Amino acid sequence: MKDSFQYIFRFCCDPGFNDVRETEALMRLCEEAKIDDVCVFANVEELNTGHMTYEEQEIWLRLMRSLAKRLSRKGISLSVNQWHSVMHADLGKALPARQPFRRMVDPFGNEAKLCICPLCAEWQRYIGGLYARYAALDASILWVEDDFRLHNHDPLIWGGCFCDEHMRLYSRKAGKTLSREEFVSGVLRPGQPHPYRKIWLDTARDTMLSAAQAIADAVRQVNPAVKIGLMSSVPQIHAAEGRDWRALLSTLAAGQPPVCRVHLPAYQEMAPGSYLTRFHTVSMLCASLLPEGTEIYPELENYPYSLLSKSRRFTRFQLLSALPMNLRGMTLDLYDLNGNGIVEADGYEAMLRQTKPFLNRMQKTGAFRGKRLGVRVLVSPRSSYTLHTSKGQSMEELYPQDAFFGGLLPALGIPFAYTTDPDMANETVAVAGQVLRNYTEEQIESLFRKNRVLLNGDAAETLLDLGLGRLAGIRSLRWMPQNGGEYTYEESLPGTEYRGREHVRASAVISASDAVCVDYAPEAEMREFTSFFDSFRRRTAPGQTLANGRVMIFPFGHMEDVMALPPMLLSAARQEILQDMLLCAGAAVPMTESAPYLIPYCFETADARWVYLVNGSLDDAENAPLRLPWAIKKSLSWDASAAGAQVEMRIGQRLNVFLPSMEAMLIRLEK
Ligand SMILES: [Zn+2]
């Protein structure tokens, strides 16, 4: 009987070198770390010989068959980590003459030596053949590696594919013979997207679907039941290759439940608070784009593999903090991929064993399968089709900025949930980047009419560009460049008090971002929460503003990194001010006050509301107030990952939370 929360251990050994020893080490580890599934690497990383032959595959198949037998006696399943599809990178290797696959070509015409064009029919037959042979094993999941993508194939610049065959396809769709240069400059043209943008994204989409179909068909001819899982990377980057998550996962699933290894964005240890921001902008965004019912097993990895990369404690923190994605389990990639094998001295086993009962208990509550509550962060899987580039020089300009508030809000103690549905009512909706370009005028008007809306600078500019500034009371705006001298801090208005001060200041210089100076329409009813000031204490522009009681402007924008936040935006004063503005607009969501990186994730099930708290600070949360928008009934209960965690009732709709650093707790509030 497998646990509610499954550990999938990714296992590497080098057959003929250390497979006998490592098989014994694996059996010990499975016992001690409570592993449910062993995912065996084939032809991996340092030991990768290129696109392996079927003869080479036989070595891995033999290993897998023998492991499957031993593992099944312990009730542990086997899955397959075929390490290459398109191939991650050339790494100094080249295709041999016996593999006449078409190679991938980048936007500048550079041709890879080993990475292939996923539309190559010869390669599709070959990869199908590899998977058909895996399908004959008694396996739970056949994984497709995250090199199954068009971007990131070193030494290519950005990625592909712009091979001659792809150029013929683009030319046919465009109705004229295109050079790479002409096509790429059309794809990236600033302003209104050129028709080549859609040709690129549609073709990239279809290219990957065609390769996925080849794998799925080959597997299903042999085995109707085995699941096919997809390992994935950063969703904003996949957007620039037109990834259609639903179509891709469904194609690969081929009648079975879709399975996805969502990327966890920290191969090395980092400050837990910063990690959580990346977790929200990358992992949670990815999870929100997957088809309903997808089994999620994220990627926990400590590349390049040792306690020097990542501690046991941080590894445990990643397990605890990933739960709100509603997981089936976690993949664990903890040791070298060079054939060194399992390193008992690293001591991950005890941590995994000790953490598992809490993970199982959390799964059994069903809380994470409930409806997510919080500010709705609007994202679109089609943003790369509609966004306007600014320079038109690089593929990176196609990465959508929609998820900005998914990073900012939780860092400031405000729960959020991504949504791809603009047709909602009675919600507080956070809108960033150019996501509004994906909707009709009627949809946008309805969004503003039926909801409270929070806009960042880019979203305000987009609204105005669409001719709909009136919905936010905006007449015009202009950008103030960061460090251009026009603003160095925001200051709150007289008569308000934040952080125990009147006229509280939040810095906005050096490590902030550009900001918009908004000219509000005279008839708009404005409440300014902050104003921008320059170094000479002169007020230069309105700052955070509530318009007509329902539209909030958070004036910062032009973010450079889709995964991280400008550090200056994270300030305790801004946390209080933004929370206050949301409350004044009528947002009814729980919020954690004052404790940094005490992240609330909220869910609703038939009989209860749930708040899962993760402490991403290196300090313990002591006496941290959790403000609830609901009356608290007597039956309040909680379960925590660590001793010392506690919840106390306070007067009004407030709880007091004690939660040790890097630990988590689930609070249940009966409805
Ligand atoms: Zn190609």
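This is a predicted model: local features need pLDDT of at least 70, side-chain atom pairs count only at pLDDT 80 or more; totals for chains, interfaces and linings use all residues.
A disulfide is a pair of cysteine sulfur atoms within 2.5 Å. A search of this whole structure finds zero of them. Cys12, for instance, is in no disulfide, and the nearest cysteine sulfur, that of Cys13, is 6.6 Å away. Cys115 is likewise in no disulfide, with the nearest cysteine sulfur, that of Cys161, 11 Å away.

Residues are numbered from 1 along each chain as its sequence is written, and side-chain values use heavy atoms, with hydrogens and water left out.

Are these two cysteines buried or exposed? Buried means under 20% relative accessible area, exposed over 50%, and partly exposed in between, with a 1.4 Å probe and protein chains only. Cys12 is buried at 6%, and Cys115 is buried at 0%.

I turn now to the zinc ion. Its protein donors (N, O and S atoms within 2.8 Å of the metal, or 3.2 Å for Na, K and Ca; water is not among the atoms, so sites may look incomplete) are Cys117 (SG), Cys161 (SG), Cys163 (SG) and His166 (ND1), at 2.1 to 2.4 Å. Their spacing in sequence is C-x43-C-x1-C-x2-H. Why is the arrangement called tetrahedral? The four donor atoms subtend angles of 101 to 114° around the zinc ion, and four donors count as tetrahedral if all angles lie between 85 and 135 degrees. Both Cys161 and His166 are buried.

Next, the interior. A nonpolar core is a set of buried Ala, Val, Leu, Ile, Met, Phe, Trp, Tyr and Cys residues joined through side-chain atoms within 4.5 Å. The largest one has 189 residues, and those touching the most other members include Tyr134, Trp200 and Tyr612. Helix H6 (residues 195-222) gives this core its largest share, twelve residues. Another core, of 27 residues, lies apart from it and has Leu378 and Val518 among its members.

Finally, the strands. Helices (H or I, at least four residues) and strands (E, at least two) are DSSP runs, numbered from the N terminus; two strands pair if DSSP finds at least two bridges between them. Strand E7 (residues 227-231) is largely enclosed by the rest of the structure, because four of its five residues are buried. E7 runs parallel to strand E6 (residues 141-144), joined by four bridges, with Leu142 partnered by Ile228. E7 also pairs in the parallel sense with strand E8 (residues 259-261) over three bridges, where Met231 is partnered by Arg261.

Methods. Four donors count as tetrahedral if all angles lie between 85 and 135 degrees; four count as square planar and six as octahedral if opposite donors are over 155 degrees apart and all others between 65 and 115; anything else is irregular.
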